[in-house]
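Hello,

Please load it first, then read the notes below.

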Amino acid sequence: MRTRACLGLMVVSLAGCPSPAPPPARPHVRMGFMICNSRDETLQRFGPLAVYLGEKLGVAVEAVALDTVDFTKHVDTLDFTHTNSLLYVIMARLHGVQVVAGEKAGNQGIRTQGAIITQAQRPWTNAADLRGATLAFGPALGPTSYMSQLDILQKAGLDPDTDLASYSFPPGSFKHEKVVYGVLFGKYDAGAVPLLDLERMTRSGRLDPADLKVLALGEPIPYCTVAATQRADPALVRQLRETLLALGPADTVAVDGETVKVLSRANVDGYQGVHDRDYDGVRAMAKRTNMPPYQRF
Amino acid sequence: MDRLDAWGVGVVAVLLGSAAALNATQPPDAHSTTPRGVAVLTPAAGQGPAALTRARHLMEADSVTEAERLVDGHLQAHPDDAAAHVLRAELWMRRQDPLAAVLEYRRAVLLEPDYLDRRTPLYQGGRMKTAMQEGTDEVARRQAAGTQPEQLKVYRQAIHSLHKRLEGSCG
């Protein structure tokens, strides 16, 4: 009886010991990534960056891929954003977003230019020669796939609605590449594409620059941009900026069992400090072309 | 059962009773993940009056005139709906009228001070600052163009009032 009581006491004592407390959950933040070419491609490129940032900032970063046309509807549910510069300008004006860093890629660092391209053998030499031609634009909220080229045409005295034979937007994903191939294979007389995409396609061997001609270039403007929404913790915003600026080509993160170079996977060269005024060129262009956030209805 | 057995049974009973009492008074798991508050911005999350939800949807789709009609109708019936004033301010910004937006933001803040509190999901300081900055520029432009200062006083007062409440704290 004595033994049973002692054993029972031991069992009860052991059962009463609390299990080790689970580690405290990390704060959760949401980072919206504007879809560049497709949802899968965007998450594949920037998912590791989100994981890396989470580790450095001590938070759980949820990467959310959002279409350009839907992005502003979701901005209030996000802490950080990664978008093109026009979307940044829209969100800065209408949604209280503040810039964190510019993304470096290609020959012009954080900037690129909108280009109008044609087949190399066409006789045209400038944008004004496109009167009566067909033209394909990229995404409508792209600063260098639509807005910049609209600016070029207007400066050349062309109204796309009356002076082109027609203009169109390729459907679905990978619009920039569809525009390039569409021009290359004669579906469109001319195409609107970011210079950065031409650089990338040339570098990867998907494009022989001798097959195309750049008819006109828009002003260099910042391109991909990281920003913070008005709900983001200011201390975390500062940490994010420091982390991005310090991110180098050798930095890696473990994702799905493999070690990934963050910048290489994202297909970017790094991040650079920027000021809101660096986007005044984008704003001026948006005003000239009646684009959001300065669109007059 | 001897004395030691009795002591053992008694200790077991005390332990069981203590465990039961502790469980009954234990607060919720302190380590559970509490989802971050989603910024409830007017009826963006589908909450609030149907008219405002619809108006926001129209605004996002660039149907600004239709959105304005809905919001103005709602405000006639509910002049003290702070969320409606915020939405009206956003519509004014899309109309490139930051001064009208500032007046709406001020009205909204008087009705719901949490729009200025960064610690709440209602915080709208970022949007307001943009409207205030553009409003300040517009006041300067109008004054330079010859508008009498008295006619601009209401806008200056609204901008200064918001500025004071947004930035006036010590911390």
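**Five-stranded sheet, chain A**

Chain A has an open sheet of 5 strands, with the order 8-7-9-6-10 and mixed pairing. The edges are strand 8 (166-168) and strand 10 (212-217) of chain A. Each has a single partner strand, so one side of each is left without a neighbour in the sheet. From one strand to the next, the twist averages 25°. Please keep in mind that this is a predicted model.

Within this sheet, strand 6 (residues 114-119) and strand 9 (residues 190-194) of chain A run antiparallel and share 5 bridges. One pair to look up is Ile117(A), whose bridge partner in strand 9 of chain A is Gly191(A).

Helix 7 (residues 175-184) of chain A packs on the sheet. Helix 7 touches strand 6, strand 7 (134-136), strand 9 and strand 10 of chain A. Its direction makes about 150° with that of strand 9 of chain A. Helix 8 (residues 195-203) of chain A lies across strand 6, strand 9 and strand 10 of chain A. Helix 8 runs at about 90° to strand 9 of chain A.

**Six-stranded sheet, chain A**

Chain A also has an open sheet of 6 strands, in the order 2-1-3-12-4-15. The pairing is mixed here. Strand 2 (60-66) and strand 15 (270-272) of chain A stand at the edges. Each of them has a single partner strand, so one side of each has no neighbour in the sheet. The twist averages 25° from one strand to the next.

Gly102(A) has Thr225(A) as its partner in strand 12 of chain A. Strand 4 of chain A is mostly covered, with 5 of its 7 residues buried.

Helix 9 (residues 234-246) of chain A lies across strand 1, strand 3, strand 4, strand 12 (225-228) and strand 15 of chain A. Helix 9 runs at about 10° to strand 4 of chain A.

**Helix 4, chain A**

In helix 4 (residues 85-95) of chain A, 11 of the 11 residues are buried, so the helix is largely enclosed by the rest of the structure. The buried residues include Tyr88(A), Arg93(A) and His95(A). Asn84(A) caps the N-terminal end: a side-chain oxygen lies 3.0 Å from the backbone nitrogen of Leu86(A). Just after the helix, Gly96(A) takes a positive phi of about 70°.

**Cavity**

The structure holds 1 cavity of 30 Å³ or more. The largest cavity has a volume of about 50 Å³. Its lining residues include Glu103(A), Arg111(A), Arg200(A), Tyr223(A) and Cys224(A).

**One site in chain B**

Thr120(B) lies in the loop between helix 5 (98-111) and helix 6 (125-144) of chain B. Is Thr120(B) buried or exposed? Its relative accessible area is 17%, under the 20% cut-off, so Thr120(B) counts as buried. The side chain of Thr120(B) reaches the backbone oxygen of Asp117(B) at 3.0 Å.

Best wishes

Technical notes:
Residues are numbered from 1 along each chain as its sequence is written. Chains are lettered from A and ligands numbered from 1 in the order in which they are written. This is a predicted model: local features need pLDDT of at least 70, side-chain atom pairs count only at pLDDT 80 or more; totals for chains, interfaces and linings use all residues. Side-chain values use heavy atoms; hydrogens and water are left out. Two strands pair if DSSP finds at least two bridges between them. Helices (H or I, at least four residues) and strands (E, at least two) are DSSP runs, numbered from the N terminus. Axes are lines fitted to C-alpha atoms, for helices over the stretch in contact, and angles run from 0 to 180 degrees between N-to-C directions. Contact means heavy atoms within 4.5 Å. Buried means under 20% relative accessible area, exposed over 50%, partly exposed in between (1.4 Å probe, protein chains only). A polar contact is a pair of N or O atoms within 3.5 Å; within protein, one must be able to donate a hydrogen and the other to accept it, and residues adjacent in sequence count only if both atoms are side-chain atoms. On a 1 Å grid over the protein atoms alone, a cavity is a set of points where a 1.4 Å probe fits but cannot get out, and a pocket is an open set with protein on both sides within 12 Å along at least five of seven lines; lining residues have an atom within 4 Å of a point. Grid points are joined across faces, edges and corners, and a volume is the space filled by probe spheres set on the points.
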